[in-house]
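Dear colleague,

Please find the structure below for your review. My notes on what was found in it follow directly after.

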2 protein chains.
Amino acid sequence: MNNELVNTATFSYAKSQALFDRANKVIPNGIYGHFNPVSYKPAGTYPHYCERAHGARFWDVDGNEYIDYMCAYGPMILGYGNAVVDEAFQKQVALADTCTLTSPVMIDLAEYLVEMIPAADWAYFAKNGADATNLAVLIARAATGRSKIIAISNGYHGSTPWMLAKGRAGVLESDHTNVIRIPWNDVPALEAALDAHTGDVAAFISSPYHHPAFVDNEMPADGYWNSVHTLLKRHDVVSICDDVRAGFRIDMRGSNEYFGYTPDLICYCKAIANGYPISALVGADHLKEAAGAIFQTGSFWFSAGPMAAALACLKELKRTDAPTRILSTGKKVFDGLVDIARGYGRELKVTGMPSMPYLRTVEDDGIAFHQALCGECTRRGLFLTSHHNLFVSAAHTDEDVQRTFEIFDDALKALT
Amino acid sequence: MNNELVNTATFSYAKSQALFDRANKVIPNGIYGHFNPVSYKPAGTYPHYCERAHGARFWDVDGNEYIDYMCAYGPMILGYGNAVVDEAFQKQVALADTCTLTSPVMIDLAEYLVEMIPAADWAYFAKNGADATNLAVLIARAATGRSKIIAISNGYHGSTPWMLAKGRAGVLESDHTNVIRIPWNDVPALEAALDAHTGDVAAFISSPYHHPAFVDNEMPADGYWNSVHTLLKRHDVVSICDDVRAGFRIDMRGSNEYFGYTPDLICYCKAIANGYPISALVGADHLKEAAGAIFQTGSFWFSAGPMAAALACLKELKRTDAPTRILSTGKKVFDGLVDIARGYGRELKVTGMPSMPYLRTVEDDGIAFHQALCGECTRRGLFLTSHHNLFVSAAHTDEDVQRTFEIFDDALKALT
């Protein structure tokens, strides 16, 4: 690697770093959670702070411009500053946003989801993705009178303690009392868990396909979802689809439709309102009474602005057949990257759906080369993380794709 | 009660009711959580949906105008549509809101809180009030390696299962394994709980004064907080102040300062950004390492718009000495209501701080008269709930106060 070439050709992050030093004094870790830069390696190759964003691009505080394949970790499905969604939000907020009463737009949004999503007979709104997954679990417990939840090992459903890995700071043994983890695509393991806890399993929670961080993503095996639902029905267990991450990037009717199954509950968040804060749980009629029996609420759960934004976002996604277009853009981008890498003797592996693929370089000696590659891309204006699935939006243009290929080629050249 | 007079003089809710009937088909309970109209009695006396809001007033979908003493259950501390906060929000959102990187405004906001609040050495931001209380508990457990949480009976810290009352639908016995409830103002009970669980209590969580729903609110007894903190220090237990509801309506430095004590952690939400969705946890330096060790995150926790709104809101509250003004307005309003009621031979009881007082009519035979009174006020344009503390904002004008008195007098007349 020619360090001199890399250093002159690439971005510097002086202002980002200075801000991060200030942040460290008043914020734990400077930046926490999934935005914590400790995940971005090699150290020093990524910016920390954004100045502005538009379409599929953002500009950091040092003035560097990026084509963004993270889309704010999913929310920005129509791109930054989408005029249709922003206008709907602003128009509603000019009337009323957070108020003592809710707004009729809440009904419009619920009706739209129920009309569009075959599995949905009703909708419930909150703020975080974890609000939706926790709502789902509480409703399953209220409906069944049972305690246990079966989840996939390494499956992510938010940072509530029962969903976090055992041993994480602050998480108690007892937080996991009612959680049974089984491997992905393992029907016999599901059957064994259901048999071992007959009459005490309230729900099975899973994303429609398996998209953990740090490892290849996995599709359901042929017949998997059918076998799963045969077992769940036999044991009267509630099926929860966590579509927080994949929602509206595969199928507007629910990602489960693409994979050919019907859950009892579906959780949405991220892309539902193009960045405005709202999450949703939708469900089948037979769980509506239980959904009405539980008590769940939040200070801003009834704010009308994000509901208007969600309605406008969903209509725009549907009108433009966005999932099909985003899947197609993703395929073009990542097929292209695979071809370019091959020219440099590197094998890329792309897993998961093309609208949110997990990308890695196949190397015998671990992740270091892939981290260096993503870092060199980012330092040239192509923002790629090395540890998390990427996200494609409807705002990625042909010009963005061409520029993506150019930068990727340059980054590989710098590492040759 | 002269029903004819009441019916002709008061509002009708035909459009609200029609919308609610539509909502019931696609939303559990039509409206759920703390906005669920089942709390509003007598049935039929309250509107359900808001059309627009401005200052201290809102207009329902039937065109009825209200002076609002709920302030969206607390958030609207500067009034609806506050120009200073809305401009700060819009200016930030025009640049970047939800993005792949966070914004420098996050640092500005953390620094501002640390500067203003004596107990704060750092800040952590989320969306719901319950995110902040759950963060506090997790950090206390990470710091101490202990499990148990002591809380006040009937104290509300969000709708997470461990905080909900036992027996609520979906809540498990095991959700309460690590929660010990003691009465408010009961130092011996705290001492007994600490002694019974020596070495296993991570935190004590409480609002700065006791403000449950449905019953009179209670101030700390003389010396209460001092005795509490002597005990907590002796047992190395983390002190968590849940200032989600009272925050910035008593003292900008933290409501704890008004009551003369220093907690280790303070939770904020509601009024922090005049209705834009953000919550915050601030804490002492000795817990910063534990706060950095936990993993907590959410899809919209890094959105810059609400952070800019919070910064503008806090500056405006401080610049205008809003807590003092709101306390004074509250005192004027509720002293006035007490006087007016006395003229009709009714005794009102006002408890809690005047900026968010709990109001009831003292009656031997229960809450029915007070419910009728609040209903008759609301049906004349003075929005008062009968079961929850009310909220006063900085936008309540002298004209609003005078009109409040007129409507209250009319409502009492109608019930005579």
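Just after helix 7 of chain B, Asp236(B) adopts a positive phi of about 55 degrees; helices (H or I, at least four residues) and strands (E, at least two) are DSSP runs, numbered from the N terminus. This is a predicted model, in which local features need pLDDT of at least 70 and side-chain atom pairs count only at pLDDT 80 or more, while totals for chains, interfaces and linings use all residues. Residues are numbered from 1 along each chain as its sequence is written, chains are lettered from A and ligands numbered from 1 in the order in which they are written, and side-chain values use heavy atoms, with hydrogens and water left out.

Helix 7 of chain B

This helix spans residues 224-234, and its buried residues are Tyr224(B), Trp225(B), Val228(B), His229(B), Leu231(B) and Leu232(B). Buried means under 20% relative accessible area, exposed over 50% and partly exposed in between (1.4 Å probe, protein chains only). Seen down the helix axis, the buried residues fall within an arc of 160 degrees, so they line one face of the helix; the arc is that of the directions from the axis to the C-beta atoms. The face turned away from the buried side carries the exposed residues Asn226(B), Lys233(B) and Arg234(B). Among the partners against which the buried residues pack are strand 5 (148-152), helix 6 (187-196) and strand 7 (201-206) of chain B. Contact here means heavy atoms within 4.5 Å.

Val179(B)

Val179(B) is found in strand 6 (residues 179-182) of chain B and is buried, with a relative accessible area of 14%. Leaving aside neighbours within four places in sequence, Val179(B) is in contact with Ile149(B) and Trp162(B). Ile149(B) lies 30 residues from Val179(B) in sequence, and the two are 5.0 Å apart in space, C-alpha to C-alpha.

Cavities

Seven cavities of 30 Å³ or more are found in a search of the whole structure. On a 1 Å grid over the protein atoms alone, a cavity is a set of points where a 1.4 Å probe fits but cannot get out, and lining residues have an atom within 4 Å of a point. Grid points are joined across faces, edges and corners, and a volume is the space filled by probe spheres set on the points.

The largest cavity holds about 810 Å³ of space. Its lining comprises 40 residues, with Thr160(A), Pro161(A), Trp162(A), Thr160(B) and Trp162(B) nearest its centre. The second largest cavity holds about 80 Å³. It is lined by 14 residues, and those closest to its centre are Phe89(A), Pro277(A), Pro306(A), Phe89(B) and Pro277(B).

Aromatic pairs

Over all chains, the structure holds 43 aromatic pairs. Rings of Phe, Tyr and Trp (its six-membered ring) pair if their centres lie within 6.5 Å; planes under 30 degrees apart count as stacked, over 60 as edge-to-face and the rest as tilted. Phe302(A) and Phe35(B) form a stacked pair, at 4.1 Å centre to centre and with 15 degrees between the planes. This pair crosses between chains, and both Phe302(A) and Phe35(B) are buried. The ring centres of Tyr69(B) and Phe334(B) are 6.2 Å apart and their planes stand at 75 degrees, so this pair is edge-to-face. It links distant parts of the chain, 265 residues apart.

Kind regards

Conventions: 1 Å grid on protein atoms, 1.4 Å probe; cavity = no way out; pocket = protein on both sides within 12 Å on 5 of 7 lines; lining within 4 Å.
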